[in-house]
Amino acid sequence: SRVKEAEFVKSSARARDCPKDDRPEFAVLGRSNVGKSSLINALIRRKEAALTSKKPGKTQTINHFLVNKSWYLVDLPGYGFAAASQSARTDWSSFTKGYFLNRDTLVGVLLLVDASIPPQKIDIDCANWLGRNNIGLTYVFTKCDKSKKGKGGRPEENIKEFQETISSLYPEPPPWIMTSSVTGLGRDGLLLHMSQLRNY
Ligand code: GDP
């Protein structure tokens with residue numbers, strides 16, 4: 001499950017513009033500021049790998065990175081950007097939903113959830129939508145190095161609460177992993193997990 005090489009392949013404005021070969025892929029998804037760029041950069045060990053535009057109004061794209069010439073890691077636009085207009089949010093959903101529902105080579109979605117804050121409704125809604133559409137999901141909890149005193153400050157507590165909130169959505173709870181792009185926690189485990197899913 002080692003990353004020997006990774007290269008940026010392309011940015012696609014629509015699902016039908018994505019690469020057309022049969023390589024398996026994993027999509028990385030999460031709220032803006034969840035730590036998605038940091039995690040992608042840590043996974044493939046590049047400084048400027050994740051290019052997803054964060055500003056509302058900028059074209060949102062699906063970015064494909066080819067890893068070891070054999071599988072793709074896909075950076076999707078972040079959702080829930082606080083300053084985005086209602087119409088920008090709607091665009092995001094039809095755009096991203098189109099990708100999820102039409103991408104045959106999609107092996108799984110890594111749903112990033114910030115473990116340093118209490119569960120957010122938008123993340124729960126997202127997990128709910130993916131579950132209803134039978135899209136294979138792994139919860140990737142980010143910022144697990146970050147702990148504060150007081151309610152909602154401890155990653156373990158926030159993760160437990162998130163799992164409990166979501167537990168009725170799936171017949172079996174999705175796999176999950178704790179990560180930190182600061183300490184490197186979970187990096188090897190997540191790469192191993194993805195290699196197991198690819199060979200399944
Ligand atoms: P994105 O908007 O989801 O791509 O998030 P970024 O990767 O740009 O990260 C958003 C902010 O969270 C930045 O200030 C990062 O330095 C910080 N951040 C990202 N990952 C971690 C992490 O694992 N631990 C901590 N403590 N901060 C992180």
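Which helix gives the largest share of the shell around the ligand? I looked that up first, and it is helix 1 (residues 36-44), with three residues.

**Ground rules**

I am working on a predicted model, so I note the limits: local features need pLDDT of at least 70, side-chain atom pairs count only at pLDDT 80 or more, and totals for chains, interfaces and linings use all residues. My numbering starts from 1 along each chain as its sequence is written.

**Ligand shell**

I listed 17 residues around the ligand, and Gly35, Lys36, Ser37, Ser38 and Ser181 come nearest. Near here means that the C-beta atom, placed from the backbone, lies within 6 Å of the molecule or strand. By class, I get ten polar, five charged and two nonpolar residues in the shell. The classes are simple: Ala, Val, Leu, Ile, Met, Phe, Trp, Tyr, Cys and Pro are nonpolar, Asp, Glu, Lys and Arg are charged, and the others, Gly among them, are polar.

**Overall layout**

I find five helices and seven strands in the protein. From the N terminus the order is β-β-α-β-β-α-β-α-β-α-β-α. Of the 200 residues, 32% count as buried. My cut-offs on C-beta atoms placed from the backbone: buried is 20 or more others within 10 Å, exposed is 12 or fewer, and partly exposed is in between. For contacts with a separation of 6 or more, 75% come from residues 24 or more positions apart; a contact means C-beta atoms, placed from the backbone, within 7 Å.

How many residues of strand 3 (residues 62-67) are buried? Six of the six are, so strand 3 is largely enclosed by the rest of the structure. I checked both faces: Ile62, His64 and Leu66 sit on one side, Asn63, Phe65 and Val67 on the other. In a regular strand the side chains alternate between the two faces of the sheet.

I then traced the partners, where pairing needs at least two DSSP bridges between two strands. Strand 1 (residues 6-12) runs antiparallel to strand 3, with six bridges joining them. Strand 4 (residues 71-75) also pairs with strand 3 in the antiparallel sense, over five bridges. His64 has Lys10 opposite it, and in strand 4 its bridge partner is Val74. The hairpin of strand 3 and strand 4 has three residues between the strands, and there Asn68 takes a positive phi near 50°.

Strand 2 (25-30) is mostly covered too, with six of its six residues buried. Glu25, Ala27 and Leu29 point one way, and Phe26, Val28 and Gly30 the other.

In helix 1 I noted Lys36, Leu39, Ile40, Ala42, Leu43 and Ile44 as buried. Arg45 follows helix 1 and has a positive phi, near 50°.

Helix 5 (residues 187-198) has twelve residues and reaches 17 Å from first C-alpha to last, close to the 16 Å expected at 1.5 Å a residue (the expected span is 1.5 Å times one less than the number of residues). Which residues of helix 5 are buried? I get Leu190, His193 and Met194. They cover an arc of only 95° around the axis, which puts them on the same side of helix 5; the arc is that of the directions from the helix axis to the C-beta atoms. The cover over them includes strand 2, helix 1, strand 6 (137-142) and strand 7 (176-178). On the face turned away from the buried side I found the exposed residues Asp188 and Gln196.

**Loop residues**

Most residues other than glycine have a negative phi, and most peptide bonds are trans. Asn33 has a positive phi of about 80°; it is in the loop between strand 2 and helix 1. Asn33 is partly exposed, with 15 other C-beta atoms within 10 Å. Asn134 has a positive phi of about 55°, in the loop between helix 3 and strand 6. Asn134 is exposed, with 8 other C-beta atoms within 10 Å.

Terms used:
Helix = DSSP H or I, 4+ residues; strand = E, 2+ residues; numbered from the N terminus. Contact = placed C-beta atoms within 7 Å.
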